[in-house]
Amino acid sequence: MVTMERMNCSRSTTTLGAMPPRSVLNGLQPMGLGTPWVESLSSYFQRLADSHHVTPKILARDMVLPRLGFSKRTSSHQADRFWRSTFFNGMGEVPEKWVKVLEDLTKVQGLVRLTLLPLRGRVGIQGTSGQGRRWCPLCLKEGEPYGQLLWEIGTVTACPRHQVKLVQACTCTPKERVPYHQVKHLPTLCWACGWVLGERTPIDLTPVEEGEVLYAERVGALLASEAYGRMGILHDRSPALSDFLNRAVKDLAGGQSVQVAKALGFSKGAVSEWTRGHHLPSLPQALHIAWIFKAELSDVLWHEGRPDGPVHPKCHSYWGLRRSYPGTRSAFGLSTKLEAILEAEPPISVAEAARRNGTSKRELYRLYPEQAKAIAERLAKSKVEHSRAIREERLAVIGRLAGEMVAAGIKPTMKLLERRLVDIPRAFLLMERSACLLKIRNETMSDPPAA
Amino acid sequence: MCSPDSRPRDYSSLSREDALRLPDAERLAFFRAVKLGHPRINGVLADLDLVTDDDSGTSIALLVGPTGAGKSTLIQRFREQLLRGSMERMVAEPWHIPVVSVEAPATGERVFSWRTFYYRIGEALKEPMLNRKTETIHQGPRTITKSVMSGATVAALQAAVEEAMSRRGTRVLIIDEAAHLLRNLKVEAMANHLDALKYLANQSGAKLVLVGSYDLHRLMTLSAQLARRTTVIHFRRYLLDDPEDVCIFQQLVAHLVKFMPIEGVEDLASEEWSLKLQQASVGCVGILKETLTRALAQALRNGKGKWSNACLEKALLGPDQWREILEEALMGEKSVEGTTYGKGTFTALNRQVKSMAAGL
């Protein structure tokens, strides 16, 4: 007897039947998560649209804006406005809403890490907005298929990996541009000519300051930290940084916030506002604070998950160094700069070296005494050599003139030489009288006696 | 006052006794919903499972059989089986759709409508914005997009569907009524259509299962390359001259009769009636079920709820219809004799080699 079980089948051939609810959009995974080269939200949005073979405008208009409460008519006009804006990857309300909708549509979690939303309420908003579309041509040339969040931060101006300036423009001419409706919006393509950005963009050979690279590295390290994005988005100010500064004031400066302000190179008023929690330092300022006090900014901002508890500030060798704005970033590489000055020609004075680095001669001697002494000695030595060379040259001229006078049958005297040597100051002749006389005697005695 | 429930009722948990208490329309719906798994279905399901495995080397499986054999029911069962097997992955990845099942469209036009076909696959994949798909064009070093205001082009739809299948991790694409693909086609055009399907399979990484009548078998003869990567699975009917088939068919009838929500049908389970039914339904389980359903409808409507064998006779296929179906089945069985999955033997191969050598 063959057993025949009763089947439980849906008659429809096109419904999903017993399938659990599926995501509306593709589950596209963001790239570079957990690294300094994490993808930006605008890049993710463009790649998501491309994976569905639609333009980002259509994806925004048909799928995202209706869920944000925009009417169909408004959606048509506004569709391109958001994802192309400089604040799309920042800390505002727009990225917050878009992240939520995209996570719901794709069922991919963690998209908040593609924006600066985790820093909201922890650092100030100044300088975080992008300056328009920027990229590193070498990163794209190496085949990276996405745009980095690092490029969207206004205060980052260099690529920490390749140490070149970020670029803002493709070299295409108006003739090479394609009509707007044919533009392919991908983070690696020029939106005017359709070429891959890495292939056409020239590398900006403007020297990159070491401070710019170091700053970009530290921002990248912040984006790559494990805590970034784990703690959720804040809607109020976090006391993390102000607590850290207060600990610095109490433990290192004996309760005097003016000492902390001096150490950081910021104004007393600004530090006072930060310690009281009224304002937040900007991202470069926050990074500088953490660096001066030998801490990682990620540990300072997200200390909640740390087993050791909040981070305590430690004293740094740059204590007392005056800040130079916008060279907050340049303070990071002073030692290297002084070494470079020691190699460069012509030698300069310590005062000039201090002026070029936004500090004072006294501070340089205090913090880098050996290097400052070396700069001064080098200049002094070069001056001595220069003086010696001029003296020898002048004495040679005097000797030559004396020889000519002897050959002409004229007895060379100091008075005659003084009258004829208009280029040599009289003071030199007076000071070097004995050397001049010696020269004259040598020239006179070198002539053979008359037969 | 309650509003009527628009969702179809689930009759799978009801027994015959429960169904007997239902009104006539629901009794009919109950019996329509009854589907039995029988050895032929189970065997073909096992073959399909093997052939659509990632390492099988097959890109396209052709599931052929006589009309009314139960291919569509089998496909539903196969689909459910695949879904059950991928449930863990579907929970972990909410975008994953392991199997997509569509019906090849017959729009009444002279040529097959690929646009409609891709649309259907897109809808089955829950792909949004189907009418706004754009085509990417590479013009030398530059990449541009080609969007058409009047709707997506076929090329754009094709690329979008391929990418959707790839991104959703679709393992199997089932195309029912696949014979529509071949209507009114010359051999060259047939090869083009099959190339398009192969391209779809290659780009998306999915296996294709084409379900239809014996016409589909012609695809195997188009080229050696196609023959290598295509497998034919034959969903046979139950033959009258095979004692095992006759025995199984009798049990099938007995099981179905047990679910018929009407009194007085017990005689149908006898050997005599099962033989008659097997002959009348050409050995096809689907035709048997349809015949019994029509007979039940007759009994409930005109027989005022009482069963009589006259209802069954009225429900039988007409003689011409029956002849047409049988002829097609016989011809089809002959055509797939040498190509069916699992039928290759060294003896058969040797015979083939000798006959080819003699021909040359």
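Predicted model: local features only at pLDDT ≥ 70, side-chain atom pairs only at ≥ 80, totals over all residues.
Reader: What is the order of the strands in the open sheet of chain B?
Author: The sheet has 5 strands, with parallel pairing. From one strand to the next, the twist averages 20°. The order of the strands is β3-β6-β7-β2-β8.

Reader: Which strands of chain B stand at the edges of this sheet?
Author: An edge strand has a single partner strand, so one side of it is left without a neighbour in the sheet. This holds for two strands of chain B, residues 99-103 and 230-234. They are β3 and β8.

Reader: Over how many bridges do β2 and β7 of chain B pair?
Author: Strand β2 of chain B covers residues 60-64 and pairs with β7(B) in the parallel sense. Within this pairing, B:I60 has B:L208 as its bridge partner, and B:L63 stands opposite B:V211. The pairing runs over 5 bridges.

Reader: Which residue in β7(B) is the bridge partner of B:I174?
Author: Strand β6 of chain B spans residues 172-176 and pairs with β7(B) in the parallel sense over 4 bridges. For B:I174, the bridge partner in β7(B) is B:V209.

Reader: Are the residues of β7(B) that point either way from the strand buried or exposed?
Author: B:K207, B:V209 and B:V211 point one way, and B:L208, B:L210 and B:G212 point the other way. Strand β7 of chain B, residues 207-212, is mostly covered, with 6 of its 6 residues under the 20% cut-off for relative accessible area. Both sets are buried.

Reader: Which helix supplies the largest share of the lining of the largest pocket?
Author: The largest pocket has a volume of about 840 Å³ and is lined by 38 residues. In chain B, β1, α4, β7, α10, α12 and α14 each supply at least two residues of the lining. The largest share, 7 residues, comes from α12(B).

Reader: How many residues of the lining of the largest pocket are charged?
Author: Nearest the centre of the pocket lie B:G68, B:G70, B:T73, B:G286 and B:E290. The lining as a whole includes 15 nonpolar and 12 polar residues. The number of charged residues is 11.

Terms used. Residues numbered from 1 in each chain as written. Chains lettered and ligands numbered in written order. Heavy atoms only, no water. Buried < 20%, exposed > 50% of the residue type's maximum accessible area, 1.4 Å probe, protein only. Pairing = 2+ DSSP bridges. 1 Å grid on protein atoms, 1.4 Å probe; cavity = no way out; pocket = protein on both sides within 12 Å on 5 of 7 lines; lining within 4 Å. Points joined across faces, edges and corners; volume = space filled by probe spheres on them. Nonpolar A, V, L, I, M, F, W, Y, C, P; charged D, E, K, R; others polar. Axes fitted to C-alpha atoms, helices over the stretch in contact; angles between N-to-C directions.
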